[in-house]
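Here is a short tour of a protein model, written to be read with the structure open beside it. Please turn it as you go.

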Amino acid sequence: MVIRICMGSSCHLKGSYEVVEKIKALNIENLQLYGSLCFGKCEKGINIEINGKLISNVSPENVQEIVKKFIKEGE
Ligand code: FES
């Protein structure tokens with residue numbers, strides 16, 4: 001699983017660092033976690049990309065649910 005998290009200033013202000021911590025806490029096997037430059041969709045941030053799929057409106061509160069759903073659906 002490859003996850004990219006927007007580290008642009010808008011997403012950063014909304015808590016993308018916390019999102020990173022929440023993802024790390026899931027201890028996902030073979031996870032490749034990257035920071036990314038602004039995805040250009042700041043108004044919909046926090047934005048992350050899971051296996052190439054862009055997901056908007058992510059927050060520290062909902063990110064674990066979102067990632068788990070991806071894992072359950074076989075990525
Ligand atoms: S700062 Fe995250 S999409 Fe622009």
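In which sense do β1 and β3 pair, and over how many bridges? The two strands run antiparallel, joined over 3 bridges. Please keep in mind that this is a predicted model.

## The sheet

The strands form an open sheet of 4, in the order β2-β1-β3-β4, and the pairing is mixed. At the edges stand β2 (32-36) and β4 (53-55); each has a single partner strand, so one side of each is left without a neighbour in the sheet. On average, and ignoring direction, neighbouring strands here are turned by 25° against each other.

Strand β1 (residues 2-6) pairs with β2 in the parallel sense over 5 bridges, whereas its pairing with β3 is antiparallel. Arginine 4, for its part, stands opposite tyrosine 34 in β2.

Helix α2 (residues 16-24) lies across β1, β2 and β3 (48-50), and runs at about 160° to β1. Helix α3 (residues 63-72) also packs on the sheet, where it touches β1, β3 and β4. The direction of α3 makes about 20° with that of β3.

Helix α1 (residues 9-14) is where you will find histidine 12. With a relative accessibility of 45%, histidine 12 counts as partly exposed.

## The nonpolar core

Which residues have the most contacts inside the largest nonpolar core? They are Ile3, Val19, Ile23, Ile48, Ile50, Val58 and Val67, in a core of 18 residues. The elements that contribute two or more residues to this core are β1, α2, β3 and α3, and α3 gives the most, with 4 residues. In soluble globular proteins, nonpolar side chains tend to be buried together.

Leaving aside residues up to four places away in sequence, valine 67 touches Met1, Ile3, Ile23, Leu26, Ile28 and Ile50.

## A buried asparagine

Asparagine 47 sits in the loop between β2 and β3. Is asparagine 47 buried or exposed? Its relative accessibility is 0%, so it counts as buried. The side chain of asparagine 47 reaches the backbone oxygen of lysine 41 at 2.9 Å.

The surroundings of asparagine 47 are worth a look too. Not counting residues up to four places away in sequence, asparagine 47 touches Ile5, Cys6, Cys11, Phe39, Lys41, Cys42, Leu54, Ile55 and Ser56.

## Two salt bridges

The model has 2 salt bridges. In one, glutamate 49 is paired with arginine 4, and the closest N and O atoms are 3.8 Å apart. This pair links distant parts of the chain, as glutamate 49 is in strand β3 and arginine 4 in strand β1, 45 residues apart. Arginine 4 has a relative accessible area of 33% and is therefore partly exposed. Beyond residues up to four places away in sequence, glutamate 49 touches Val2, Ile3, Arg4, Phe39 and Leu54. Glutamate 49 and tyrosine 34 are 15 residues apart in sequence, and their C-alpha atoms are 9.6 Å apart in space.

The side chains of glutamate 21 and lysine 24 also meet in a salt bridge, at 4.0 Å from N to O. These two residues are 3 apart in helix α2, so about one helical turn separates them. Both ends of this pair are partly exposed: glutamate 21 has 35% relative accessibility, and lysine 24 has 48%.

Key. Residues numbered from 1 in each chain as written. Predicted model: local features only at pLDDT ≥ 70, side-chain atom pairs only at ≥ 80, totals over all residues. Heavy atoms only, no water. Pairing = 2+ DSSP bridges. Axes fitted to C-alpha atoms, helices over the stretch in contact; angles between N-to-C directions. Contact = heavy atoms within 4.5 Å. Core = buried A, V, L, I, M, F, W, Y, C linked by side-chain atoms within 4.5 Å. Buried < 20%, exposed > 50% of the residue type's maximum accessible area, 1.4 Å probe, protein only. Polar contact = N/O pair within 3.5 Å; in protein donor to acceptor, adjacent residues only side chain to side chain.
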